[in-house]
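Subject: Structure handover

Hello,

Please find the structure below, followed by notes on what was found in it.

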Amino acid sequence: MFSNKDISHFANLETPFYYYDLNLLQDTLNTCAAAAKLYNFHVHYAMKANFNAKVLQSIKAVGFGADCVSGGEVSKAIETGFDKGQIVFAGVGKSDKEINLALDQNIFCFNVESVQELEVINELAAKKGKKASVAIRINPNVDAHTHHNITTGLDENKFGVNSWDLPQCAEMLRASANLEFVGIHFHIGSQITNLDVYKNLCVRVNEFAIWFEERGFAVKVLNVGGGLGIDYHNPDQQIPDFANYFKIFSDFLDIKPGQEVHFELGRALVGQSASLISRVLYVKNGKKKNFVILDAGMTELMRPALYQAYHKIENLTRGNEATLKYDIVGPICESTDCFGKEVEQPESFRGDLYAIRSAGAYGEVMASKYNLRDEIRSVYSEEA
Ligand SMILES: Cc1ncc(COP(=O)(O)O)c(C=O)c1O
Ligand SMILES: N[C@@H](CCCC[NH3+])C(=O)O
């Protein structure tokens, strides 16, 4: 919800830009941190969701670790001041250069996604005379009931080690003098709104933990990944239900004394804290359709074009009284450059300000230069 003061402030600014509500971000982080603390759970922020410098500063300040998926993210986390001892590094295709960088930085652990990767990390660690801490990312074949493009924990997905490869994994761990097994890792998908899915995950985590323990491995860390969704239809109902989310893991995981439970949350921490603010360039009234053409497009927010993702769209200049249906599109030379079809809006005019809500996660960071677009700018609530 934007105040009149926000809207007058936006009216003086060049569009498009991401607007970050840093107070809401702080409230979200504090709520999550307090809910996790109740159970002594460890939270790593999934940096891929948003690595805007101010966002990262706020997250670091609350004491979370970082979940990284590239050497670039590991470096950025360290530059930002995240504790190296709280950095985890996942990814199915870690290059030798990235592994070496993470070894040099003594990060908390590699979330390893294949037997071959274990072999490579062992070799590279041996060359440096080091022992690399590793958790095995297991693909548990649990359906996350989310969009198939952001599902990661089914047998057909490329992520993690499948259960039938675990015996080979265990053998490799035993044979590798430069690896230290710390635990098991899972991440079954993103934008998960049905929390029952996590109960199913817990059942599988318990089974896999026993599997490793029966073979003589001490499972110190149970890392259950992230994926908690946000309500894209109600962007003003802003803070996800962290209390219930963590309670599920406390209730359904068999947590042994000394065992740590780790999470890797991205979207839930940052998703509602930003909107993409744009101006209407043109309004085209056709025979079959009316179009609102914005100065922001799929190059600034790719999710609708990529996953047919829903984002609530609001005309900030004219208010809420919807009288017409428009396809809300951008200026990019692609037919998928569309933020919403047949969206009910007030009659709109050139110069109106539009907000595309819930754009704090996988928004700014997925922007592209396609069509040689200007780099997307950011504006922060503290500047208003
Ligand atoms: C390994 C891993 N951990 C954590 C996340 C964070 O996901 P989300 O933003 O849905 O919480 C992702 C992205 O889906 C991921 O691939
Ligand atoms: N980029 C996706 C989420 C992918 C999560 C990373 N595994 C989105 O916008 O919803």
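The centres of domain 1 and domain 2, taken over C-alpha atoms, are 33 Å apart. The model is a predicted one. Domain 1 is made of two stretches, 4–17 + 272–383, and domain 2 covers 23–271. Where the domains meet, 16 residues of domain 1 are in contact with 22 residues of domain 2. The side of domain 1 that touches domain 2 consists of 6 nonpolar, 7 polar and 3 charged residues.

The largest nonpolar core has 101 residues. Tyr45, Ile87, Phe89, Ile121, Val134, Leu222 and Leu265 are the residues with the most contacts inside this core. Helix 8 (residues 196–214) gives the most to the core, with 6 residues. Both domain 1 (4–17 + 272–383) and domain 2 (23–271) give residues to the core, so the core lies between them.

Leaving aside neighbours within four places in sequence, leucine 222 is in contact with Gly183, Ile184, Val205, Ala209, Leu253, Gln259 and Val261.

Next, a pair of helices. How do helix 6 and helix 7 lie relative to each other, roughly parallel or roughly antiparallel? The axes of helix 6 (residues 115–127) and helix 7 (residues 166–175) cross at roughly 10° and come within 9 Å. Helix 6 and helix 7 are therefore roughly parallel to each other. On the helix 6 side, Val115, Leu118 and Glu119 make the contact; they meet Gln168, Cys169, Met172 and Leu173 of helix 7. By class, this contact has 5 nonpolar, 1 polar and 1 charged residues.

Valine 115 belongs to helix 6. Not counting residues up to four places away in sequence, valine 115 touches Val161, Asp165, Gln168, Cys169 and Met172. Valine 115 is partly exposed, with 18 other C-beta atoms within 10 Å.

Some backbone details follow. Threonine 15 and proline 16 are joined by a cis peptide bond, with omega at about -5°. Proline 16 sits in the loop between helix 1 (4–11) and strand 1 (17–20).

Which of the two words, buried or exposed, applies to asparagine 106, and which to tyrosine 362? Asparagine 106 has 12 other C-beta atoms within 10 Å and is exposed. Tyrosine 362 has 23 other C-beta atoms within 10 Å and is buried.

- Lysine 289 is in the loop between strand 11 (274–285) and strand 12 (290–294). Lysine 289 has 13 C-beta neighbours inside 10 Å and counts as partly exposed. The C-alpha atoms of lysine 289 and tryptophan 164 are separated by 53 Å, and the two residues are 125 residues apart along the chain.

- Phenylalanine 291 is part of strand 12. With 16 C-beta neighbours inside 10 Å, phenylalanine 291 counts as partly exposed. Outside the four places on either side in sequence, phenylalanine 291 is in contact with Lys284, Gly286, Tyr326, Asp327 and Val329. From phenylalanine 291 to alanine 35, 256 residues apart along the chain, the C-alpha separation is 44 Å.

- Histidine 145 lies in the loop between strand 6 (132–139) and strand 7 (161–162). Its count of C-beta neighbours inside 10 Å is 15, and histidine 145 is classed as partly exposed. Leaving aside neighbours within four places in sequence, histidine 145 is in contact with Asn194 and Val197. Histidine 145 and lysine 158 are 13 residues apart in sequence and 17 Å apart in space, C-alpha to C-alpha.

Regards

Note on methods. Residues are numbered from 1 along each chain as its sequence is written. Chains are lettered from A and ligands numbered from 1 in the order in which they are written. This is a predicted model: local features need pLDDT of at least 70, side-chain atom pairs count only at pLDDT 80 or more; totals for chains, interfaces and linings use all residues. A nonpolar core is a set of buried Ala, Val, Leu, Ile, Met, Phe, Trp, Tyr and Cys residues joined through C-beta atoms within 7 Å. A residue is buried if 20 or more other C-beta atoms lie within 10 Å of its own, exposed if 12 or fewer, and partly exposed in between; C-beta atoms are placed from the backbone. Helices (H or I, at least four residues) and strands (E, at least two) are DSSP runs, numbered from the N terminus. Domain bounds come from an automatic or database domain assignment. Two residues are in contact if their C-beta atoms, placed from the backbone, lie within 7 Å. Axes are lines fitted to C-alpha atoms, for helices over the stretch in contact, and angles run from 0 to 180 degrees between N-to-C directions. Angles under 35 degrees count as roughly parallel, over 145 as roughly antiparallel, 65 to 115 as roughly perpendicular and the rest as oblique. Ala, Val, Leu, Ile, Met, Phe, Trp, Tyr, Cys and Pro count as nonpolar, Asp, Glu, Lys and Arg as charged, and the others, Gly among them, as polar.
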